Amino acid sequence: MRTRATITLVATLLATLAACDSSSDDNADTPSSSPTTAAETPTTTPTPADAVDLERVAETYTDLYFGGDGQGAYAFLSKRCRAKADPAVYAATVDKAAKGYGPDHPATDVHATVSGDMGRVSYKVKGLPKFDQEGQPWTLEGGDWKYDAC
């Protein structure tokens, strides 16, 4: 019985694939009713603006973090990271960093790479080399870059 069900399933899948293949052959000679534009064609190659935007966001996040703005920095966390970080504990960590190191530690030499909804940022933290980042993960959520290194 099990063999019969497997054979039936395989036959159905093959028939479906054959139908898909034959219908695409039928349309091969039919000209498109509207030309395809670059805007309609999805691309996996990131545009420089994506990387530039991510660089700007990473700089802002670093400024908020060392500036002691826990609530502002928390807003830059991905959903995954927010699920792991209690807002009050995170704010206390940011406050401690600001008090311990001061606010004058902007990100410098910021470079980002983007691939789809994922990005990586490398940067130096002025005066605090132990906080320099190499390939820090970020993710695009709802059109906004979010810190995803948790």
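**Notes on the predicted model**

1. β3 covers residues 133-141 and is joined to β2 by five bridges, with the two strands running antiparallel. Another position to look at is Met118, which stands opposite Thr139 in β3.

2. On to the other partner of β2. Seven bridges link β1 and β2, again in the antiparallel sense. Ala107 is bridged to Val125 of β2, and Ala112 has Val121 of β2 as its bridge partner. Two residues lie between the strands of this hairpin, where Gly116 adopts a positive phi near 65 degrees.

3. Taken as a whole, the sheet is open and has four strands in the order β1-β2-β3-β4, with antiparallel pairing. Each of β1 and β4 has a single partner strand and stands at an edge, so one side of each lacks a neighbour in the sheet. Ignoring direction, neighbouring strands are turned by 35 degrees against each other on average.

4. Asp109 deserves a check by eye. The residue lies in strand β1, yet its phi is near 50 degrees, a positive value in a residue other than glycine. Is Asp109 buried, exposed or partly exposed? Its relative accessible area is 48%, which makes Asp109 partly exposed, given that over 50% would be needed to call a residue exposed.

5. Tyr90, Val94, Ala97 and Ala98 are its buried residues. Viewed down the helix axis they fall within an arc of 95 degrees, and they therefore line one face of α5. On the face turned away from that buried side are the exposed residues Ala88, Val89, Lys96, Lys99 and Gly100.

6. The largest nonpolar core contains 28 residues; Leu54, Tyr61, Tyr65, Leu77, Tyr90, Val121 and Trp138 have the most contacts inside it. At least two core residues come from each of α2 (48-66), α3 (70-74), α5 (87-101), β1 (107-115), β2 (118-125) and β4 (144-147). Which element gives the most to this core? That is α2, with eight residues. In soluble globular proteins, nonpolar side chains tend to be buried together.

7. Beyond its neighbours within four places in sequence, Tyr61 is in contact with Ala73, Phe76, Leu77, Tyr90, Trp138 and Tyr147. Of these, Tyr90 is one of the buried residues of α5, and Trp138 is among the residues with the most contacts inside the core.

Definitions and conventions. Residues numbered from 1 in each chain as written. Predicted model: local features only at pLDDT ≥ 70, side-chain atom pairs only at ≥ 80, totals over all residues. Heavy atoms only, no water. Core = buried A, V, L, I, M, F, W, Y, C linked by side-chain atoms within 4.5 Å. Buried < 20%, exposed > 50% of the residue type's maximum accessible area, 1.4 Å probe, protein only. Contact = heavy atoms within 4.5 Å. Pairing = 2+ DSSP bridges. Axes fitted to C-alpha atoms, helices over the stretch in contact; angles between N-to-C directions. Arc of directions from axis to C-beta.
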